[in-house]
Amino acid sequence: MPETNSETMIFDRRALRRNRDRAAAGFDGRHDFLVQEIGDRLLDRLEDIRRRFPVALDLGGHTGALARLCGGRGGIETLITADLSPAMIARAPGPRLVADEEWLPFADNSLDLVLSCLSLHWVNDLPGALIQANRALKPDGLFLAAILGGETLQELKASLAAAEIAETGTLVPRASPTVDIRDAGRLLQRAGFALPVVDSDVLTVSYPDALALMRDLRQMGEANALAARPRRPWRRATLARAAADYADRFGTPDGRVEAKFEVIFLTGWAPDASQPRPLRPGSAKSRLAAALGSVEKKL
């Protein structure tokens, strides 16, 4: 795998691959519920677009949830699943390959559709990855992705930070940076996509306690992969304090805890001359006031 400049490397992609490799065997049916749910929502959005996609790519496809959910939905004829983890991709159905989202092995203008479900939040250079996806698309090809947003797991982050400060007097990097929905549209524009659209959903998941949530994240392959992460494990006392804090601040009446996942959906099109374009300012042939039946007043 190509090296990333250490000055810009936020995530350790080798650690991410190891995390996913370890999680692969138990992922399907037990810890893939987020990918299943968000994948279904992605395909719902695709079904609103009345066209065919002869060759589509699922970028960061885990064990192939989209391929299983697809079944011809959304006009997809052939779906290629790609993932960084050899162990994950070995469990995917249909055409598949091991590929890094940061180094796409696809020719320019070769794909009709690029999908990505809950994987691009681990990319060091997200604008660069989006640019590569845009280049791989044919003119008027579609990019449709879901990434984790900034409100994801704020409760867990707050409790872990409070517990670590109380137990050790320090706070080391453990929480991954995420994209803010206000910046997501600008990222699509920066990558050269036309007609960008961004929206978000929040999913709330219930757990017995914070420790069960943390175990689930590891078994999803979503454990800490920050390049600057501490190599020593959590202290038991710190984890116990964090779990107590989480239950105190974010517990439910039935004795469980809730975790929120913000999912940001990104939609953009590879530029093409056939796409609608905004009119030039001042080119309107009728006034808004006339359409509204009101009186126009000059400032």
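Helix 6 crosses helix 9 in a right-handed sense. The model under discussion is a predicted one. On the side of helix 6, the contact is formed by E155, L156, A158, S159, L160, A162, A163, E164, A166 and E167. Helix 9 contributes A237, T238, L239, R241, A242, D245, Y246, R249 and F250. Sorted by class, the contact between these two helices comprises 11 nonpolar, 2 polar and 6 charged residues.

Two packed helices are described by the angle between their axes and by the distance between those axes. Helix 6 spans residues 154–168 and helix 9 spans residues 236–250; their packing angle is about 135 degrees, and their axes lie 8 Å apart. Helix 6 is therefore oblique to helix 9.

D140, which is not a glycine, has a positive phi of about 70 degrees. This aspartate belongs to strand 5, which covers residues 137–148. L153 likewise is a residue other than glycine with a positive phi, in this case near 55 degrees. The position of L153 is in the loop between strand 5 and helix 6.

The relative accessibility of each residue is listed below.

| Residue | Relative accessibility | Class |
|---|---|---|
| D140 | 18% | buried |
| L153 | 12% | buried |

Because buried means under 20% relative accessible area, D140 falls into that class at 18%. L153 is also counted as buried, with a relative accessible area of 12%.

Technical notes
Residues are numbered from 1 along each chain as its sequence is written. This is a predicted model: local features need pLDDT of at least 70, side-chain atom pairs count only at pLDDT 80 or more; totals for chains, interfaces and linings use all residues. Side-chain values use heavy atoms; hydrogens and water are left out. Axes are lines fitted to C-alpha atoms, for helices over the stretch in contact, and angles run from 0 to 180 degrees between N-to-C directions. Helices (H or I, at least four residues) and strands (E, at least two) are DSSP runs, numbered from the N terminus. Angles under 35 degrees count as roughly parallel, over 145 as roughly antiparallel, 65 to 115 as roughly perpendicular and the rest as oblique. A crossing is left-handed if the near helix is turned anticlockwise from the far one by less than a right angle, and right-handed if clockwise. Contact means heavy atoms within 4.5 Å. Ala, Val, Leu, Ile, Met, Phe, Trp, Tyr, Cys and Pro count as nonpolar, Asp, Glu, Lys and Arg as charged, and the others, Gly among them, as polar. Buried means under 20% relative accessible area, exposed over 50%, partly exposed in between (1.4 Å probe, protein chains only).
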